[in-house]
Amino acid sequence: MANEEDTILTARYLIEDNENEYVFYDENIKSDLTIVKSILKKLIGNLPAWDEAEIRKLHDEITDVLKMSNS
Amino acid sequence: MRELEKLRNAKASGLADSNKSLNNSEIKATQELKLDDYVKRASIQRSFSQEEKDKILLYNQAMRGVYDKKHQKTAPKKRLQKVRPEDVHDIGYELNLRFKIKRLTFADIDKSIWPDKVRKTNIVSLKEMIDVLKK
C-alpha cells in the first residue's frame with residue numbers, strides 16, 4: 001500500500017481490539033495471526049479461485065459488456 | 001549487594017578524605033558536581049588509585065542507572081477512536097480489485113506476505129502489520 005495513512009488505518013483495524021470505543025495507540029500490541037487472517041479475508045472480500053472455468057467466465061462477461069457498449 | 005556496599009563505603013571515605021583538603025566554598029561547589037566530575041577534580045587534590053577510581057565510577061554508573069529507571073518518562077500514548085469497518089471499506093475494495101487484476105487468491109497472498117517470525121510464533125504486532133501492508 002502506498003498511502004501511509006491507509007496502511008496504519010488498515011493495520012489498526014486488523015490488530016487492535018475493537019470492543020472498546022477508544023484505544024491507546026501502541027505499535028507493540030499483538031494479535032493472533034489466525035484472527036488477523038480472518039479479518040483480512042473479510043476485508044478483501046471474495047477473490048475467485050482463478051481456475052480455467054473462472055477465467056473463461058470472466059472473459060465472457062467482459063466480452064458481453066464490450067459488445068453491449070459497442071452496439 | 002555486598003559489592004555495592006563496598007563501593008558505597010569507598011565513595012564515602014573518598015569524599016571525606018578529599019574534603020579535608022578543600023575549603024568551604026570548594027566543598028559547596030564540589031557537592032553540586034556530579035560524581036564523574038568530582039572524581040576528576042578530586043584526583044587533582046588527592047591521588048586516587050586506578051582501582052578506586054574504577055570502583056567509584058562503577059558505583060556512580062550503577063546508582064545513575066537505578067535513578068534513570070525510576071525517573072524514566074514514557075511518552076503518553078495517543079488515545080484514538082477505534083477503526084470501524086466503514087473506515088476501511090474502500091481500502092478493502094481497492095485491495096480486492098488489485099488482487100483480482102493480478103489473479104491472486106487469498107492463499108497466494110497468505111503464502112507470501114508474512115515474515116518468518118510471524119509465521120513461527122503465530123503472533124503479529126501492529127508494527128509488523130504496518131510493515132507487511134507497506135510492501
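Predicted model: local features only at pLDDT ≥ 70, side-chain atom pairs only at ≥ 80, totals over all residues.
**View 1. Chain B is built from 8 helices and 2 strands.** Helices (H or I, at least four residues) and strands (E, at least two) are DSSP runs, numbered from the N terminus. Residues are numbered from 1 along each chain as its sequence is written, and chains are lettered from A and ligands numbered from 1 in the order in which they are written.

**View 2. Here chain A meets chain B, with 37 residues of chain A in contact with 31 of chain B.** Two residues are in contact if their C-beta atoms, placed from the backbone, lie within 7 Å. On the chain A side, the elements giving two or more residues are α1 (4-15), β1 (22-24), β2 (30-32) and α2 (33-44). Of these, α1(A) gives the most, with 10 residues.

**View 3. Strand β1(A) runs antiparallel to strand β1 (residues 79-81) of chain B.** Look for the 3 bridges that join them; strands pair if DSSP finds at least two bridges between them. One place to start is A:Tyr22, whose bridge partner in β1(B) is B:Gln81.

**View 4. Helix α1(A) packs against helix α8 (residues 126-134) of chain B at an angle of about 130°, with the axes 9 Å apart.** Axes are lines fitted to C-alpha atoms, for helices over the stretch in contact, and angles run from 0 to 180 degrees between N-to-C directions. The angle makes α1(A) oblique to α8(B), because angles under 35 degrees count as roughly parallel, over 145 as roughly antiparallel, 65 to 115 as roughly perpendicular and the rest as oblique. Residues to find in α1(A) include A:Thr7, A:Ile8 and A:Leu14, and those in α8(B) include B:Leu126, B:Met129 and B:Leu133.

**View 5. Helix α1(A) also crosses helix α5 (residues 85-101) of chain B, at roughly 115°.** Their axes come within 10 Å. From α1(A), the contact is made by A:Asp6, A:Leu9, A:Thr10 and A:Tyr13, and from α5(B) by B:Asp87, B:Val88 and B:Ile91.
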